Amino acid sequence: MSFRYQYRIWVNRLFTLFATASALVGLSLLLLILYQVFSEGIGALSLDVFTHTTPPPGEKGGLINAIVGSVMMSILTMIIAIPIGLMGGIYLAEYNKNGKLGSCVRFLNDILLSAPSICFGMFTYQIIVRPTHSFSGYAGAVALSFIAFPVILRTTDDMLTLVPDQLREAAAALGAPVWHIIFTICFRMARSGIVTGLLLAFARIVGETAPLLFTALNNQFWNVRMTGPTPNLPVTIYQLAMSPYPDWHQLAWAGAMIITLAVLSINIVTRILTDGAPSNRL
Amino acid sequence: MNNLIKNLSLFCAALVIVLVLAILFVLTRAAWPTFHTFGFSFFVTNIWNPVTNQYGALSAIYGTVVTSFLALILALPIGFGIAFYLVELAPPLVVKPLRIAIELLAGIPSIVFGFWGLFVLVPVFQDYIQPFLIRHSEGLPVLGKLFAGPGFGVGLLSAGCVLAIMVLPFIAAFLTDVFKTVSPALKESAYALGATRWEVMRSVVAPSTIGPIMGGVMLAFGRALGETMAVTFVIGNAHRLSPSLLAPGTTISASIANEFNEATNDLHTSSLLALGLTLFAVSFVVLACGKASILLLERRRNA
(Lines give C-alpha, C1' and ligand atoms only; values in the text may rest on other atoms or scores of the structure.)
Protein backbone atom coordinates (compact mmCIF):
# COMPACT_ATOMS: atom_id res chain seq x y z
CA MET A 1 0.00 0.00 0.00
CA SER A 2 1.19 3.47 -0.81
CA PHE A 3 2.04 5.99 1.85
CA ARG A 4 -1.10 7.99 1.02
CA TYR A 5 -3.41 5.09 1.89
CA GLN A 6 -1.51 4.34 5.08
CA TYR A 7 -1.81 7.99 6.05
CA ARG A 8 -5.57 8.10 5.46
CA ILE A 9 -6.13 4.91 7.40
CA TRP A 10 -4.15 6.20 10.34
CA VAL A 11 -5.88 9.56 10.37
CA ASN A 12 -9.20 7.75 10.39
CA ARG A 13 -8.05 5.52 13.24
CA LEU A 14 -6.84 8.53 15.18
CA PHE A 15 -10.15 10.34 14.95
CA THR A 16 -12.16 7.19 15.61
CA LEU A 17 -10.14 6.72 18.73
CA PHE A 18 -10.64 10.37 19.69
CA ALA A 19 -14.41 10.18 19.18
CA THR A 20 -14.74 6.95 21.15
CA ALA A 21 -12.54 8.31 23.90
CA SER A 22 -14.48 11.55 24.17
CA ALA A 23 -17.75 9.64 24.32
CA LEU A 24 -16.28 7.54 27.12
CA VAL A 25 -14.70 10.44 29.00
CA GLY A 26 -17.68 12.77 28.62
CA LEU A 27 -20.21 10.24 29.70
CA SER A 28 -18.19 8.80 32.56
CA LEU A 29 -17.52 12.31 33.87
CA LEU A 30 -21.22 13.05 33.95
CA LEU A 31 -22.03 9.67 35.48
CA LEU A 32 -19.31 10.29 38.07
CA ILE A 33 -21.09 13.47 39.13
CA LEU A 34 -24.37 11.60 39.45
CA TYR A 35 -22.67 8.80 41.37
CA GLN A 36 -21.03 11.17 43.83
CA VAL A 37 -24.18 13.20 44.38
CA PHE A 38 -26.11 10.02 45.10
CA SER A 39 -23.53 8.26 47.26
CA GLU A 40 -22.82 11.34 49.39
CA GLY A 41 -26.50 12.24 49.43
CA ILE A 42 -27.64 8.84 50.60
CA GLY A 43 -24.96 8.91 53.29
CA ALA A 44 -26.38 12.19 54.55
CA LEU A 45 -29.98 11.10 54.30
CA SER A 46 -31.93 10.31 57.44
CA LEU A 47 -35.48 10.54 58.67
CA ASP A 48 -34.58 13.92 60.20
CA VAL A 49 -34.24 15.39 56.72
CA PHE A 50 -37.95 14.90 56.13
CA THR A 51 -39.19 15.73 59.63
CA HIS A 52 -37.16 18.71 60.82
CA THR A 53 -36.59 22.26 59.64
CA THR A 54 -33.21 23.75 58.70
CA PRO A 55 -31.04 23.65 61.83
CA PRO A 56 -28.65 26.15 63.33
CA PRO A 57 -25.04 24.98 62.94
CA GLY A 58 -24.10 22.10 65.21
CA GLU A 59 -27.63 20.82 65.74
CA LYS A 60 -29.56 18.09 64.05
CA GLY A 61 -32.12 19.14 61.54
CA GLY A 62 -33.62 18.58 58.14
CA LEU A 63 -35.00 20.22 55.07
CA ILE A 64 -38.74 19.74 55.39
CA ASN A 65 -39.51 23.48 55.37
CA ALA A 66 -37.44 23.93 52.20
CA ILE A 67 -39.04 20.93 50.49
CA VAL A 68 -42.57 22.06 51.31
CA GLY A 69 -41.77 25.64 50.28
CA SER A 70 -40.31 24.48 46.97
CA VAL A 71 -43.30 22.27 46.22
CA MET A 72 -45.76 25.06 46.99
CA MET A 73 -43.89 27.56 44.87
CA SER A 74 -43.56 25.11 41.97
CA ILE A 75 -47.28 24.41 42.02
CA LEU A 76 -48.14 28.11 42.07
CA THR A 77 -45.68 28.64 39.22
CA MET A 78 -47.39 26.00 37.12
CA ILE A 79 -50.79 27.55 37.88
CA ILE A 80 -49.50 30.86 36.48
CA ALA A 81 -47.50 29.43 33.58
CA ILE A 82 -49.82 26.75 32.18
CA PRO A 83 -52.65 29.02 30.95
CA ILE A 84 -50.23 31.55 29.45
CA GLY A 85 -48.10 28.88 27.78
CA LEU A 86 -51.06 26.92 26.42
CA MET A 87 -52.92 29.96 25.11
CA GLY A 88 -49.76 31.46 23.59
CA GLY A 89 -49.01 28.15 21.89
CA ILE A 90 -52.58 28.01 20.57
CA TYR A 91 -52.18 31.48 19.08
CA LEU A 92 -48.95 30.54 17.30
CA ALA A 93 -50.16 27.21 15.95
CA GLU A 94 -53.82 27.93 15.20
CA TYR A 95 -54.27 31.64 14.56
CA ASN A 96 -50.97 32.98 13.28
CA LYS A 97 -48.96 30.15 11.80
CA ASN A 98 -46.69 32.10 9.47
CA GLY A 99 -47.65 35.72 10.08
CA LYS A 100 -45.29 38.50 11.15
CA LEU A 101 -46.48 38.62 14.75
CA GLY A 102 -46.40 34.83 15.05
CA SER A 103 -42.83 34.56 13.76
CA CYS A 104 -41.73 37.41 16.00
CA VAL A 105 -43.28 35.83 19.11
CA ARG A 106 -41.79 32.45 18.24
CA PHE A 107 -38.32 33.95 17.83
CA LEU A 108 -38.42 35.94 21.07
CA ASN A 109 -39.85 32.96 22.94
CA ASP A 110 -36.94 30.79 21.82
CA ILE A 111 -34.56 33.41 23.17
CA LEU A 112 -36.42 33.59 26.49
CA LEU A 113 -35.91 29.80 26.76
CA SER A 114 -32.15 30.30 27.07
CA ALA A 115 -32.05 33.80 28.57
CA PRO A 116 -30.10 34.25 31.84
CA SER A 117 -32.46 33.24 34.62
CA ILE A 118 -30.92 35.68 37.08
CA CYS A 119 -32.26 38.54 34.94
CA PHE A 120 -35.80 37.26 35.52
CA GLY A 121 -35.02 37.39 39.24
CA MET A 122 -33.85 41.01 39.05
CA PHE A 123 -36.84 41.97 36.94
CA THR A 124 -39.26 40.40 39.41
CA TYR A 125 -37.42 42.08 42.28
CA GLN A 126 -38.01 45.43 40.61
CA ILE A 127 -41.68 44.93 39.77
CA ILE A 128 -42.88 42.99 42.83
CA VAL A 129 -40.44 42.86 45.75
CA ARG A 130 -39.58 46.55 45.69
CA PRO A 131 -43.14 47.94 45.45
CA THR A 132 -44.44 45.53 48.12
CA HIS A 133 -41.39 46.02 50.36
CA SER A 134 -41.18 42.31 51.05
CA PHE A 135 -39.60 39.19 49.65
CA SER A 136 -42.33 36.65 49.08
CA GLY A 137 -43.08 33.21 47.75
CA TYR A 138 -45.47 34.85 45.31
CA ALA A 139 -42.62 36.87 43.79
CA GLY A 140 -40.58 33.65 43.59
CA ALA A 141 -43.39 31.88 41.74
CA VAL A 142 -43.76 34.78 39.31
CA ALA A 143 -40.02 34.75 38.58
CA LEU A 144 -40.10 30.98 38.01
CA SER A 145 -43.12 31.27 35.72
CA PHE A 146 -41.06 33.46 33.36
CA ILE A 147 -38.89 30.38 32.91
CA ALA A 148 -41.69 27.85 32.74
CA PHE A 149 -44.15 29.44 30.33
CA PRO A 150 -41.80 29.70 27.30
CA VAL A 151 -41.17 25.94 27.59
CA ILE A 152 -44.90 25.21 27.62
CA LEU A 153 -45.58 27.70 24.83
CA ARG A 154 -42.91 26.16 22.60
CA THR A 155 -44.02 22.55 23.04
CA THR A 156 -47.72 23.42 22.65
CA ASP A 157 -46.94 25.23 19.40
CA ASP A 158 -44.81 22.33 18.13
CA MET A 159 -47.35 19.66 19.06
CA LEU A 160 -50.40 21.48 17.65
CA THR A 161 -48.49 22.04 14.41
CA LEU A 162 -48.15 18.27 14.05
CA VAL A 163 -51.94 17.81 14.03
CA PRO A 164 -52.97 17.28 10.37
CA ASP A 165 -55.08 20.04 8.82
CA GLN A 166 -57.56 17.54 7.39
CA LEU A 167 -58.88 16.92 10.90
CA ARG A 168 -59.53 20.63 11.41
CA GLU A 169 -61.18 20.88 8.00
CA ALA A 170 -63.36 17.84 8.64
CA ALA A 171 -64.53 19.27 11.97
CA ALA A 172 -65.12 22.69 10.42
CA ALA A 173 -67.14 21.08 7.62
CA LEU A 174 -69.38 19.52 10.27
CA GLY A 175 -70.00 23.02 11.62
CA ALA A 176 -67.76 23.09 14.68
CA PRO A 177 -66.55 26.56 15.70
CA VAL A 178 -62.79 27.16 15.73
CA TRP A 179 -62.41 27.18 19.53
CA HIS A 180 -64.29 23.92 19.73
CA ILE A 181 -62.00 22.37 17.10
CA ILE A 182 -58.93 23.50 19.05
CA PHE A 183 -60.02 22.23 22.43
CA THR A 184 -61.71 18.97 21.46
CA ILE A 185 -59.94 17.83 18.28
CA CYS A 186 -56.45 19.33 18.25
CA PHE A 187 -55.80 19.08 21.99
CA ARG A 188 -56.87 15.48 22.07
CA MET A 189 -54.53 14.64 19.22
CA ALA A 190 -51.61 16.51 20.75
CA ARG A 191 -52.29 15.53 24.36
CA SER A 192 -49.23 13.43 25.10
CA GLY A 193 -46.87 15.98 23.59
CA ILE A 194 -48.43 18.84 25.52
CA VAL A 195 -48.25 16.89 28.78
CA THR A 196 -44.57 16.34 28.02
CA GLY A 197 -44.14 20.08 27.72
CA LEU A 198 -45.77 20.65 31.11
CA LEU A 199 -43.57 18.03 32.77
CA LEU A 200 -40.42 19.43 31.17
CA ALA A 201 -41.33 22.91 32.37
CA PHE A 202 -41.85 21.49 35.85
CA ALA A 203 -38.49 19.69 35.77
CA ARG A 204 -36.87 22.91 34.65
CA ILE A 205 -38.15 25.06 37.53
CA VAL A 206 -37.64 22.51 40.31
CA GLY A 207 -33.90 23.14 40.39
CA GLU A 208 -33.80 26.81 39.40
CA THR A 209 -31.90 28.84 41.96
CA ALA A 210 -30.88 32.17 40.49
CA PRO A 211 -34.38 33.67 40.06
CA LEU A 212 -35.25 32.84 43.69
CA LEU A 213 -32.23 34.49 45.29
CA PHE A 214 -33.85 37.89 45.56
CA THR A 215 -37.52 37.09 45.13
CA ALA A 216 -38.44 34.28 47.51
CA LEU A 217 -35.14 34.69 49.37
CA ASN A 218 -35.05 31.84 51.86
CA ASN A 219 -36.25 31.08 55.33
CA GLN A 220 -34.84 28.87 58.04
CA PHE A 221 -38.22 28.39 59.65
CA TRP A 222 -41.47 26.71 58.84
CA ASN A 223 -43.52 29.04 56.68
CA VAL A 224 -46.45 28.02 54.54
CA ARG A 225 -47.78 31.54 54.09
CA MET A 226 -46.06 32.75 50.99
CA THR A 227 -46.38 36.44 51.81
CA GLY A 228 -42.96 36.56 53.47
CA PRO A 229 -39.55 35.08 52.68
CA THR A 230 -40.31 31.49 51.74
CA PRO A 231 -37.97 28.56 52.32
CA ASN A 232 -36.98 26.69 49.19
CA LEU A 233 -34.60 23.85 48.46
CA PRO A 234 -32.23 25.35 45.85
CA VAL A 235 -31.38 28.50 47.81
CA THR A 236 -31.11 26.45 51.02
CA ILE A 237 -28.54 24.21 49.32
CA TYR A 238 -26.64 27.29 48.17
CA GLN A 239 -26.54 28.78 51.67
CA LEU A 240 -25.67 25.51 53.39
CA ALA A 241 -22.90 24.77 50.89
CA MET A 242 -21.34 28.23 51.23
CA SER A 243 -21.23 27.93 55.03
CA PRO A 244 -18.13 26.71 56.90
CA TYR A 245 -19.96 23.99 58.88
CA PRO A 246 -19.43 20.32 57.91
CA ASP A 247 -22.84 19.21 59.19
CA TRP A 248 -24.49 21.84 56.99
CA HIS A 249 -22.48 20.52 54.04
CA GLN A 250 -23.87 17.05 54.75
CA LEU A 251 -27.38 18.43 54.69
CA ALA A 252 -26.62 20.23 51.43
CA TRP A 253 -25.54 16.93 49.85
CA ALA A 254 -28.86 15.42 50.89
CA GLY A 255 -30.67 18.40 49.37
CA ALA A 256 -28.70 18.19 46.13
CA MET A 257 -29.56 14.52 45.87
CA ILE A 258 -33.26 15.17 46.46
CA ILE A 259 -33.32 17.79 43.69
CA THR A 260 -31.37 15.61 41.26
CA LEU A 261 -33.62 12.67 42.00
CA ALA A 262 -36.74 14.78 41.50
CA VAL A 263 -35.56 16.21 38.18
CA LEU A 264 -34.28 12.88 36.87
CA SER A 265 -37.46 11.02 37.78
CA ILE A 266 -39.70 13.66 36.20
CA ASN A 267 -37.63 13.44 33.02
CA ILE A 268 -37.70 9.64 33.03
CA VAL A 269 -41.47 9.55 33.63
CA THR A 270 -41.86 11.99 30.74
CA ARG A 271 -39.81 9.71 28.55
CA ILE A 272 -41.84 6.64 29.48
CA LEU A 273 -45.16 8.45 29.00
CA THR A 274 -44.28 9.72 25.56
CA ASP A 275 -41.62 7.84 23.71
CA GLY A 276 -40.07 9.96 21.02
CA ALA A 277 -41.67 13.22 22.13
CA PRO A 278 -39.74 16.49 21.98
CA SER A 279 -36.69 16.97 24.15
CA ASN A 280 -35.98 19.78 26.55
CA ARG A 281 -33.42 21.48 24.39
CA LEU A 282 -33.67 24.72 22.38
CA MET B 1 -66.72 32.51 22.42
CA ASN B 2 -64.71 32.30 19.21
CA ASN B 3 -63.47 35.87 19.55
CA LEU B 4 -62.88 35.49 23.25
CA ILE B 5 -60.53 32.53 22.76
CA LYS B 6 -58.81 34.21 19.86
CA ASN B 7 -58.20 37.43 21.74
CA LEU B 8 -57.16 35.62 24.89
CA SER B 9 -54.59 33.60 22.97
CA LEU B 10 -53.39 36.72 21.17
CA PHE B 11 -52.97 38.38 24.56
CA CYS B 12 -50.90 35.48 25.92
CA ALA B 13 -48.68 35.37 22.84
CA ALA B 14 -48.18 39.13 23.01
CA LEU B 15 -47.05 38.69 26.63
CA VAL B 16 -43.80 37.24 25.26
CA ILE B 17 -43.00 40.48 23.45
CA VAL B 18 -44.23 42.56 26.38
CA LEU B 19 -42.02 40.59 28.78
CA VAL B 20 -38.87 41.14 26.74
CA LEU B 21 -39.58 44.87 26.36
CA ALA B 22 -40.56 45.19 30.03
CA ILE B 23 -37.34 43.55 31.20
CA LEU B 24 -35.30 45.91 29.05
CA PHE B 25 -37.29 48.93 30.20
CA VAL B 26 -37.39 48.12 33.92
CA LEU B 27 -33.71 47.20 34.11
CA THR B 28 -32.66 50.26 32.09
CA ARG B 29 -34.66 52.57 34.33
CA ALA B 30 -33.28 50.98 37.47
CA ALA B 31 -29.74 51.09 36.12
CA TRP B 32 -30.05 54.72 35.02
CA PRO B 33 -28.33 56.29 38.07
CA THR B 34 -25.24 54.21 37.31
CA PHE B 35 -25.09 55.15 33.65
CA HIS B 36 -25.77 58.76 34.61
CA THR B 37 -22.94 58.80 37.17
CA PHE B 38 -20.27 56.83 35.36
CA GLY B 39 -21.27 57.07 31.72
CA PHE B 40 -19.60 54.73 29.29
CA SER B 41 -16.60 54.37 31.59
CA PHE B 42 -18.74 51.96 33.67
CA PHE B 43 -17.92 49.29 31.10
CA VAL B 44 -14.17 49.92 30.87
CA THR B 45 -13.04 50.67 34.42
CA ASN B 46 -11.74 48.01 36.72
CA ILE B 47 -12.86 49.28 40.11
CA TRP B 48 -15.60 47.79 42.23
CA ASN B 49 -15.60 49.51 45.56
CA PRO B 50 -18.82 49.82 47.56
CA VAL B 51 -16.96 51.79 50.25
CA THR B 52 -15.95 54.66 48.00
CA ASN B 53 -19.02 54.09 45.83
CA GLN B 54 -17.10 53.55 42.62
CA TYR B 55 -18.23 50.89 40.21
CA GLY B 56 -16.83 49.58 36.96
CA ALA B 57 -17.94 46.41 35.22
CA LEU B 58 -14.72 45.45 33.48
CA SER B 59 -13.62 42.65 35.83
CA ALA B 60 -17.08 41.05 35.78
CA ILE B 61 -17.37 41.29 32.00
CA TYR B 62 -13.85 39.90 31.63
CA GLY B 63 -14.64 36.94 33.91
CA THR B 64 -17.89 36.20 32.10
CA VAL B 65 -16.27 36.17 28.68
CA VAL B 66 -13.20 34.21 29.77
CA THR B 67 -15.13 31.47 31.59
CA SER B 68 -17.62 31.11 28.75
CA PHE B 69 -14.84 30.88 26.16
CA LEU B 70 -12.98 28.35 28.29
CA ALA B 71 -16.16 26.30 28.59
CA LEU B 72 -16.65 26.29 24.82
CA ILE B 73 -13.01 25.49 24.06
CA LEU B 74 -13.13 22.51 26.42
CA ALA B 75 -16.62 21.26 25.62
CA LEU B 76 -16.70 21.71 21.86
CA PRO B 77 -14.10 19.06 20.86
CA ILE B 78 -15.50 16.53 23.31
CA GLY B 79 -19.08 17.30 22.26
CA PHE B 80 -18.05 16.96 18.63
CA GLY B 81 -16.39 13.63 19.42
CA ILE B 82 -19.50 12.34 21.16
CA ALA B 83 -21.69 13.39 18.23
CA PHE B 84 -19.27 11.82 15.71
CA TYR B 85 -19.28 8.62 17.75
CA LEU B 86 -23.08 8.55 18.02
CA VAL B 87 -23.77 9.25 14.35
CA GLU B 88 -21.04 7.30 12.55
CA LEU B 89 -19.31 4.87 14.88
CA ALA B 90 -21.50 3.58 17.68
CA PRO B 91 -23.05 0.11 17.41
CA PRO B 92 -26.85 0.42 17.16
CA LEU B 93 -27.34 -1.12 20.59
CA VAL B 94 -25.37 1.66 22.27
CA VAL B 95 -26.89 4.61 20.41
CA LYS B 96 -30.26 4.84 22.12
CA PRO B 97 -29.14 4.46 25.77
CA LEU B 98 -26.30 6.91 25.17
CA ARG B 99 -28.65 9.47 23.66
CA ILE B 100 -31.11 9.10 26.51
CA ALA B 101 -28.31 9.46 29.06
CA ILE B 102 -27.09 12.65 27.42
CA GLU B 103 -30.56 14.17 27.31
CA LEU B 104 -31.24 13.28 30.93
CA LEU B 105 -27.94 14.83 31.97
CA ALA B 106 -28.79 17.99 30.03
CA GLY B 107 -31.73 18.45 32.41
CA ILE B 108 -29.80 18.34 35.68
CA PRO B 109 -30.07 21.71 37.41
CA SER B 110 -27.00 23.92 37.43
CA ILE B 111 -26.85 24.16 41.21
CA VAL B 112 -25.97 20.46 41.36
CA PHE B 113 -23.03 21.01 39.00
CA GLY B 114 -21.84 24.03 40.96
CA PHE B 115 -22.18 22.19 44.24
CA TRP B 116 -20.26 19.18 42.91
CA GLY B 117 -17.62 21.54 41.55
CA LEU B 118 -17.09 23.16 44.93
CA PHE B 119 -16.81 19.96 46.95
CA VAL B 120 -15.16 17.57 44.48
CA LEU B 121 -13.51 19.42 41.60
CA VAL B 122 -12.00 22.32 43.53
CA PRO B 123 -9.99 20.16 45.99
CA VAL B 124 -8.68 18.04 43.10
CA PHE B 125 -7.69 21.19 41.23
CA GLN B 126 -5.98 22.67 44.24
CA ASP B 127 -4.03 19.56 45.20
CA TYR B 128 -3.07 18.10 41.82
CA ILE B 129 -3.96 19.96 38.66
CA GLN B 130 -3.01 23.54 39.56
CA PRO B 131 0.40 22.72 41.10
CA PHE B 132 1.07 20.63 37.99
CA LEU B 133 0.14 23.50 35.66
CA ILE B 134 2.16 26.02 37.66
CA ARG B 135 5.24 23.80 37.76
CA HIS B 136 5.24 22.97 34.07
CA SER B 137 4.39 26.38 32.68
CA GLU B 138 6.83 28.38 34.77
CA GLY B 139 9.09 30.56 32.61
CA LEU B 140 7.22 29.73 29.39
CA PRO B 141 6.23 32.84 27.45
CA VAL B 142 2.41 32.78 27.30
CA LEU B 143 1.53 29.78 29.43
CA GLY B 144 3.64 31.11 32.29
CA LYS B 145 1.35 34.13 32.52
CA LEU B 146 -1.85 32.11 32.02
CA PHE B 147 -1.04 29.64 34.77
CA ALA B 148 0.78 31.93 37.20
CA GLY B 149 0.33 30.80 40.80
CA PRO B 150 -0.68 30.55 43.52
CA GLY B 151 -3.51 28.12 42.92
CA PHE B 152 -6.47 28.57 45.24
CA GLY B 153 -8.60 25.80 43.78
CA VAL B 154 -11.38 28.26 43.03
CA GLY B 155 -10.85 30.59 40.09
CA LEU B 156 -11.52 31.23 36.42
CA LEU B 157 -10.17 27.87 35.29
CA SER B 158 -12.32 25.86 37.73
CA ALA B 159 -15.39 27.88 36.74
CA GLY B 160 -14.65 27.28 33.07
CA CYS B 161 -14.34 23.54 33.66
CA VAL B 162 -17.62 23.29 35.59
CA LEU B 163 -19.34 25.32 32.87
CA ALA B 164 -17.83 23.03 30.22
CA ILE B 165 -19.23 19.95 31.96
CA MET B 166 -22.60 21.69 32.12
CA VAL B 167 -22.83 22.68 28.45
CA LEU B 168 -21.35 19.38 27.23
CA PRO B 169 -24.65 17.44 27.10
CA PHE B 170 -26.30 20.37 25.32
CA ILE B 171 -23.57 20.60 22.69
CA ALA B 172 -23.36 16.83 22.16
CA ALA B 173 -27.13 16.44 21.77
CA PHE B 174 -27.36 19.45 19.48
CA LEU B 175 -24.53 18.30 17.19
CA THR B 176 -25.97 14.79 17.03
CA ASP B 177 -29.31 16.20 15.90
CA VAL B 178 -27.63 18.39 13.30
CA PHE B 179 -25.42 15.60 11.90
CA LYS B 180 -28.45 13.36 11.57
CA THR B 181 -30.11 15.79 9.17
CA VAL B 182 -27.48 15.10 6.49
CA SER B 183 -29.10 12.92 3.84
CA PRO B 184 -27.85 9.31 3.86
CA ALA B 185 -27.55 9.40 0.04
CA LEU B 186 -24.91 12.12 0.32
CA LYS B 187 -22.91 10.18 2.89
CA GLU B 188 -23.25 6.88 1.07
CA SER B 189 -21.99 8.35 -2.17
CA ALA B 190 -18.90 9.53 -0.32
CA TYR B 191 -18.43 6.08 1.20
CA ALA B 192 -18.87 4.56 -2.25
CA LEU B 193 -15.99 6.71 -3.51
CA GLY B 194 -13.83 5.10 -0.85
CA ALA B 195 -13.83 7.80 1.79
CA THR B 196 -13.06 6.80 5.36
CA ARG B 197 -15.46 7.62 8.17
CA TRP B 198 -13.42 10.60 9.27
CA GLU B 199 -13.23 11.87 5.69
CA VAL B 200 -17.01 11.63 5.37
CA MET B 201 -17.32 13.58 8.61
CA ARG B 202 -14.79 16.21 7.63
CA SER B 203 -15.62 16.67 3.96
CA VAL B 204 -19.33 15.87 3.73
CA VAL B 205 -21.18 16.04 7.04
CA ALA B 206 -19.44 18.98 8.71
CA PRO B 207 -19.35 21.34 5.68
CA SER B 208 -23.00 20.75 4.84
CA THR B 209 -24.09 21.56 8.40
CA ILE B 210 -21.66 24.34 9.23
CA GLY B 211 -24.46 26.94 9.54
CA PRO B 212 -26.50 25.15 12.20
CA ILE B 213 -23.27 24.12 13.94
CA MET B 214 -22.24 27.76 14.29
CA GLY B 215 -25.76 28.59 15.45
CA GLY B 216 -25.66 25.85 18.06
CA VAL B 217 -22.24 26.97 19.28
CA MET B 218 -23.63 30.47 19.74
CA LEU B 219 -26.63 29.14 21.65
CA ALA B 220 -24.28 27.21 23.93
CA PHE B 221 -22.17 30.34 24.37
CA GLY B 222 -25.26 32.35 25.22
CA ARG B 223 -26.22 29.84 27.87
CA ALA B 224 -22.75 29.80 29.35
CA LEU B 225 -22.74 33.61 29.56
CA GLY B 226 -25.85 33.72 31.70
CA GLU B 227 -25.18 30.68 33.86
CA THR B 228 -25.23 31.65 37.51
CA MET B 229 -25.13 28.88 40.06
CA ALA B 230 -22.56 26.60 38.40
CA VAL B 231 -20.14 29.52 38.38
CA THR B 232 -20.87 31.30 41.66
CA PHE B 233 -19.72 28.31 43.70
CA VAL B 234 -16.28 27.98 42.15
CA ILE B 235 -15.21 31.36 40.71
CA GLY B 236 -13.83 32.81 43.96
CA ASN B 237 -15.85 36.03 43.75
CA ALA B 238 -13.09 38.62 43.64
CA HIS B 239 -13.51 41.78 41.60
CA ARG B 240 -10.13 41.82 40.00
CA LEU B 241 -8.54 41.50 36.64
CA SER B 242 -5.72 39.00 36.42
CA PRO B 243 -4.12 37.45 33.36
CA SER B 244 -3.75 34.18 35.28
CA LEU B 245 -6.55 31.65 34.82
CA LEU B 246 -5.86 30.28 38.28
CA ALA B 247 -6.71 33.57 39.98
CA PRO B 248 -10.11 34.06 41.59
CA GLY B 249 -12.36 36.29 39.53
CA THR B 250 -16.02 37.02 39.15
CA THR B 251 -18.67 36.99 36.47
CA ILE B 252 -21.64 39.27 35.96
CA SER B 253 -24.12 36.71 37.21
CA ALA B 254 -21.93 35.67 40.15
CA SER B 255 -21.53 39.30 41.28
CA ILE B 256 -25.26 39.81 41.16
CA ALA B 257 -25.98 36.57 43.03
CA ASN B 258 -23.47 37.47 45.72
CA GLU B 259 -24.06 41.13 46.31
CA PHE B 260 -27.60 42.00 45.32
CA ASN B 261 -29.18 41.20 48.67
CA GLU B 262 -26.39 42.88 50.57
CA ALA B 263 -26.00 45.99 48.46
CA THR B 264 -25.08 48.84 50.75
CA ASN B 265 -26.67 51.79 48.97
CA ASP B 266 -28.75 52.78 45.98
CA LEU B 267 -25.83 53.26 43.64
CA HIS B 268 -24.53 49.77 44.46
CA THR B 269 -27.93 48.22 43.69
CA SER B 270 -28.21 50.29 40.56
CA SER B 271 -24.75 49.18 39.40
CA LEU B 272 -25.69 45.54 39.90
CA LEU B 273 -28.85 46.14 37.89
CA ALA B 274 -26.69 47.74 35.20
CA LEU B 275 -24.62 44.54 35.19
CA GLY B 276 -27.84 42.54 34.84
CA LEU B 277 -28.99 44.69 31.94
CA THR B 278 -25.62 44.23 30.23
CA LEU B 279 -25.85 40.48 30.67
CA PHE B 280 -29.41 40.37 29.36
CA ALA B 281 -28.60 42.52 26.34
CA VAL B 282 -25.41 40.65 25.42
CA SER B 283 -26.88 37.17 25.77
CA PHE B 284 -29.98 38.35 23.90
CA VAL B 285 -27.82 39.40 20.94
CA VAL B 286 -25.73 36.20 21.03
CA LEU B 287 -28.80 33.95 21.27
CA ALA B 288 -30.61 35.92 18.56
CA CYS B 289 -27.66 35.54 16.19
CA GLY B 290 -27.45 31.80 16.91
CA LYS B 291 -31.18 31.33 16.44
CA ALA B 292 -31.23 33.41 13.26
CA SER B 293 -28.42 31.46 11.63
CA ILE B 294 -30.24 28.18 12.35
CA LEU B 295 -33.53 29.59 11.01
CA LEU B 296 -31.93 30.95 7.85
CA LEU B 297 -30.48 27.57 7.03
CA GLU B 298 -33.71 25.73 7.69
CA ARG B 299 -35.49 28.11 5.37
CA ARG B 300 -32.91 27.62 2.64
CA ARG B 301 -33.25 23.85 2.94
CA ASN B 302 -37.04 23.99 2.73
CA ALA B 303 -37.04 26.35 -0.23
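Modeller: A crossing of two helices is left-handed if the near helix is turned anticlockwise from the far one by less than a right angle, and right-handed if clockwise. Please keep in mind throughout that this is a predicted model.

Colleague: Which hand does the crossing of α3(B) and α6(B) have?

Modeller: The crossing of α3(B) and α6(B) is a left-handed one.

Colleague: And how is such a pair of packed helices described in general?

Modeller: One gives the angle between the two axes and the distance between those axes. In chain B, helix α3 (residues 92–106) packs with helix α6 (residues 156–180) at an angle of about 135°, and their axes are 8 Å apart. At this angle α3(B) is therefore oblique to α6(B).

Colleague: Which residues of α3(B) and α6(B) meet?

Modeller: From α3(B) come B:Arg99, B:Ile102, B:Glu103, B:Leu105 and B:Ala106, and these meet B:Pro169, B:Phe170, B:Ala172, B:Ala173 and B:Thr176 in α6(B). By class, the contact of α3(B) with α6(B) comprises seven nonpolar residues, one polar and two charged.

Colleague: Turning to chain A, at what angle do helix α3 and helix α9 pack, and how far apart are their axes?

Modeller: In chain A, helix α3 (residues 64–95) and helix α9 (residues 191–206) pack at about 135°, with 11 Å between their axes. The helices α3(A) and α9(A) are therefore oblique to each other, and α3(A) passes α9(A) in a right-handed crossing.

Colleague: Which residues form the contact of α3(A) with α9(A)?

Modeller: A:Ser74, A:Thr77, A:Met78, A:Ala81 and A:Ile82 in α3(A) meet A:Leu198, A:Ala201, A:Phe202, A:Ile205 and A:Val206 in α9(A). The residues of this contact divide into eight nonpolar and two polar, with no charged residues.

Colleague: How is chain A divided into domains?

Modeller: Chain A has domain 1 (3–44) and domain 2 (49–273), and the centres of these domains, taken over C-alpha atoms, are separated by 33 Å. Their contact takes six residues from domain 1 of chain A and seven from domain 2 of chain A; on the domain 1 side, four are nonpolar, one is polar and one is charged.

Colleague: How many residues of chain A are in contact with chain B, and which element gives the most?

Modeller: On chain A, 69 residues are in contact with 72 residues of chain B. Among the elements of chain A that give two or more residues to this side are α1 (3–44), α3 and α11 (246–273), and α1(A) gives the most, with 18 residues. The side of chain A that touches chain B divides into 47 nonpolar, 17 polar and five charged residues.

Technical notes: Residues are numbered from 1 along each chain as its sequence is written. Chains are lettered from A and ligands numbered from 1 in the order in which they are written. This is a predicted model: local features need pLDDT of at least 70, side-chain atom pairs count only at pLDDT 80 or more; totals for chains, interfaces and linings use all residues. Domain bounds come from an automatic or database domain assignment. Two residues are in contact if their C-beta atoms, placed from the backbone, lie within 7 Å. Ala, Val, Leu, Ile, Met, Phe, Trp, Tyr, Cys and Pro count as nonpolar, Asp, Glu, Lys and Arg as charged, and the others, Gly among them, as polar. Axes are lines fitted to C-alpha atoms, for helices over the stretch in contact, and angles run from 0 to 180 degrees between N-to-C directions. Helices (H or I, at least four residues) and strands (E, at least two) are DSSP runs, numbered from the N terminus. Angles under 35 degrees count as roughly parallel, over 145 as roughly antiparallel, 65 to 115 as roughly perpendicular and the rest as oblique.
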